[in-house]
Each structure stands twice: as C-alpha cells, then as structure tokens.
Amino acid sequence: MKILRAVLGTAMLAASLVAASFPALAEKVSVTDVLGRKVEIEAPVRRVILGEGRQMYFVAALDKDDPFKRVVGWRDDLSKADPDSYKQYVARYPQIAKLPSFGGMKEGAFDIEQAIALKPDVLFLNVEAKVASDEASLVEKLAAVGIPVAYVDFREKPFQNTEPSMRLIGKLFGKEKLAEDFISFRAAEIARVTDKLAKVPNLKRPLVMVERAGGYSDDCCMSFGNENFGKMVEIAGGTNFGSTLIPGTFGTINAEAVVAANPEVVIITGGNWGAYVPGGAWVGLGPGTDLVEARRKLAGLAARPAFSQTQAVKNGRVHAIWHQFYNSPYQFVAIQEIAKWLHPELFADLDADATLKTLHERFLPLPYEPGYWVTLEKGK
C-alpha cells in the first residue's frame with residue numbers, strides 16, 4: 001500500500017508540474033497558416049515537432065524559461081547550419097542532444113512513422129517544404145491519425161510572412177501577448193531606420209551586391225531578389241543589385257554582371273558550415289566566432305575576380321553578416337547594421353550590437369555573444 005501511495009503521489013506530482021507548465025486546458029482553435037490554410041488545432045499545444053530546427057529562433061522567445069518543454073522532435077538543421085547556436089543551447093539544455101531528430105522534407109528524409117509515434121499536437125513546416133510534403137501526401141497521412149500541420153515562413157517571403165508566423169505560433173502556444181510584444185519590438189527597431197531615412201530629401205541609395213553564402217561553393221554568385229536580404233538592403237536605404245536580375249527571392253548572378261555593375265557596397269552572408277563544406281572559404285559568422293579569422297576569409301572572397309576591382313573593395317566597403325538573419329525573425333538587427341554600412345554618418349548613433357543584446361536580454365534564454373558581422377579594412 002505504501003508503494004502504491006508513493007507511485008500515485010509521484011504521478012500526481014508529475015501531472016501537476018505538467019499542468020503548471022502550460023497556461024490552460026486545451027481547446028480547439030482555428031488558425032490560418034501562411035499558405036492560407038484553415039487548420040483546427042487543440043491549443044495551447046503541449047507536444048510540437050519543429051519541421052525546421054531553426055524555428056527555435058522564435059519558439060525560444062515564447063518559452064524563454066524552458067524553450068524545449070513542448071518540443072518532442074525537430075529537424076536536424078540547427079546543429080548543422082548553425083552549430084554555434086546549437087552548442088549554446090546544448091550547453092544549457094543537455095537533454096536536447098537526445099531529442100528525436102528528422103532529415104528534411106525536400107531531401108526525402110522526413111520519417112513519417114517516427115513523427116506519428118511522437119504524438120505531436122502539431123507539426124510546423126516551413127513553406128519551402130510544401131512541394132515535397134505534397135508529393136509524400138504528408139498532410140493527408142498525418143490528418144488520418146489526427147495530427148495537424150501548419151506552415152510558417154521566415155525565409156521565402158519574410159517581410160510578408162514573419163509576423164503572421166509569429167502570431168500563429170504565439171496563439172497555439174497560448175502566448176499571444178508575448179508574440180505581440182516581440183512583433184512590436186521588431187517593428188520599432190526597423191522604424192529607427194525607416195523613420196530617419198524618410199526625412200532625408202533625395203536620398204542617395206548606394207548600389208549593393210549581396211552574395212548569399214559566399215565561399216560555400218566555388219561558384220559566384222548566389223544572391224537575393226527583392227525579398228529577404230534584398231529587401232533588407234532596400235529598407236536600409238540601398239539599391240539591391242539582385243532585384244534587377246532575380247525574379248524571386250533567390251537566384252544567381254554571374255560574375256561578369258557584377259564587374260559591369262561595379263557595386264559601391266558588397267555584403268556577403270556567412271555562417272559556420274563545417275558540417276556541409278569542411279574547410280570551405282565561407283566566412284564563419286555566428287555567436288562567439290573568431291572575428292580575426294572571419295576577416296581573413298572575407299579578404300579572400302573579396303579578392304575574387306567578381307569583386308576585386310569594384311568600388312566596394314577599393315573603398316573598404318566590403319562586409320559579411322550572419323547568414324541566419326535570413327531565416328529568423330531577427331532581420332531587424334541586420335537592417336540596422338546594413339543601414340550603418342550604407343549611411344554611416346546618418347546612423348552614427350545607431351548600435352545594432354546593442355539592439356542584439358537587448359533582444360537576448362528581453363526575449364531569449366541564451367546569453368549574448370558577439371560574432372555576427374565583420375568589415376574588411378580598406379586596403380586589406
């Protein structure tokens with residue numbers, strides 16, 4: 001009898017702890033995802049699969065005290081595409097090293113049976129997985145066992161879909177107010193750039209070449225159209241060269257076109273891609289990175305034929321910035337730093353580093369570490 005009472009007591013304690021972790025009893029709510037799909041989901045959700053590990057960039061802001069308490073599985077991309085952030089998380093939350101992980105939908109590596117076995121309340125998928133998920137009839141197969149799918153987007157059309165994605169996740173987590181606080185903070189930080197630019201008559205917009213993941217391969221040059229980093233450049237007061245040549249969000253510009261355009265500013269996105277291209281020429285930016293090494297690698301990329309004779313290189317206006325700003329709700333930080341690069345006198349008092357520190361202090365469970373951008377010194 002004593003053993004039975006002890007077991008019951010332990011079970012009741014566990015149940016009370018779970019109940020205390022979530023704001024209310026679940027009830028059916030209807031949400032519209034970024035593809036316009038109406039989805040009914042029991043909320044607040046308690047068991048979530050992240051179809052992309054980098055969705056944690058926002059999930060962590062909603063559950064700052066215990067960011068993995070709802071996550072029962074996730075795609076393995078955070079540890080590969082952003083290992084520096086992953087190391088920060090695993091150092092503080094070592095249990096995530098054993099969290100069930102999945103390959104990507106586009107690679108055909110998503111294990112549907114494993115997902116069903118984890119009994120999630122919802123699976124969040126990024127919109128770029130839509131074609132592959134349709135081909136695999138993923139939504140239908142999961143619906144047959146009562147598991148809904150909601151699409152979010154911080155990457156393909158972030159300036160259209162970031163806020164709706166945050167509101168959707170916030171509602172499903174029962175954290176609508178916190179989501180709105182984040183959205184308001186993000187909007188106010190962008191306005192610190194756009195409001196000042198709006199007051200400048202006849203604003204001169206420098207021509208900017210953004211190279212996506214420079215050094216990831218030997219080819220030059222992957223870039224952005226009028227969305228993502230291309231849009232960030234426009235918001236920051238520049239003219240994005242890729243917008244004239246790339247019809248969508250992502251595309252390629254040949255080196256000869258870059259030479260002919262002679263951009264005034266070059267910005268290269270970088271990250272720690274050792275898992276994909278060991279020893280590559282990429283600029284390894286991210287929390288805690290070695291900025292001396294990052295600057296050395298940036299100099300190597302600037303010396304390539306596409307850039308070496310441009311105004312940007314000659315005038316010391318070559319920069320690298322953390323690639324993952326392109327796939328997170330933190331774009332406002334990149335906009336501020338780009339604005340300083342494009343209009344240094346106008347934004348002399350704007351400190352993007354301080355903004356990033358505030359983001360960590362207010363919303364994120366991890367301490368701030370520098371390492372998100374670097375500039376090539378003139379003549380180097």
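How close do the axes of helix 14 and helix 15 come, and at what angle do they cross? This tour begins with that pair.

The structure is a predicted model, in which local features need pLDDT of at least 70, side-chain atom pairs count only at pLDDT 80 or more, and totals for chains, interfaces and linings use all residues. Residues are numbered from 1 along each chain as its sequence is written, and side-chain values use heavy atoms, with hydrogens and water left out.

**First stop: two helices**

Select residues 331-342, helix 14, and residues 352-363, helix 15. Helices (H or I, at least four residues) and strands (E, at least two) are DSSP runs, numbered from the N terminus. The two axes come within 9 Å and cross at roughly 165 degrees. Helix 14 is therefore roughly antiparallel to helix 15 (an angle over 145 degrees). Axes here are lines fitted to C-alpha atoms, for helices over the stretch in contact, and angles run from 0 to 180 degrees between N-to-C directions.

**Second stop: the largest pocket**

Next, select Arg54, Arg75, Tyr216, Tyr276 and Tyr326, which lie nearest the centre of the largest pocket among its 23 lining residues. A pocket is an open set of points on a 1 Å grid over the protein atoms alone, where a 1.4 Å probe fits, with protein on both sides within 12 Å along at least five of seven lines; lining residues have an atom within 4 Å of a point. The space in this pocket is about 520 Å³, a volume being the space filled by probe spheres set on the points. Now select residues 77-81: this is helix 3, which gives the most to the lining, with three residues.

Most peptide bonds are trans. Select Ala43 and Pro44, however, and the bond between them is cis, with omega near 5 degrees. Pro44 is in the loop between strand 2 (38-43) and strand 3 (48-50). Then move to Cys220 and Cys221, also joined by a cis peptide bond, with omega about 10 degrees. Cys221 sits in the loop between strand 8 (207-211) and strand 9 (222-224).

**Last stop: two positive phi values**

Select Ser137, in the loop between helix 6 (130-135) and helix 7 (138-143). Its phi is positive, near 50 degrees. Ser137 counts as partly exposed because its relative accessibility is 31% (partly exposed lies between buried, under 20%, and exposed, over 50%, with a 1.4 Å probe and protein chains only). Finally, select Asn262, whose phi is also positive, near 50 degrees. Asn262 lies in the loop between helix 11 (255-261) and strand 12 (265-270).

Definitions and conventions: Angles under 35 degrees count as roughly parallel, over 145 as roughly antiparallel, 65 to 115 as roughly perpendicular and the rest as oblique.
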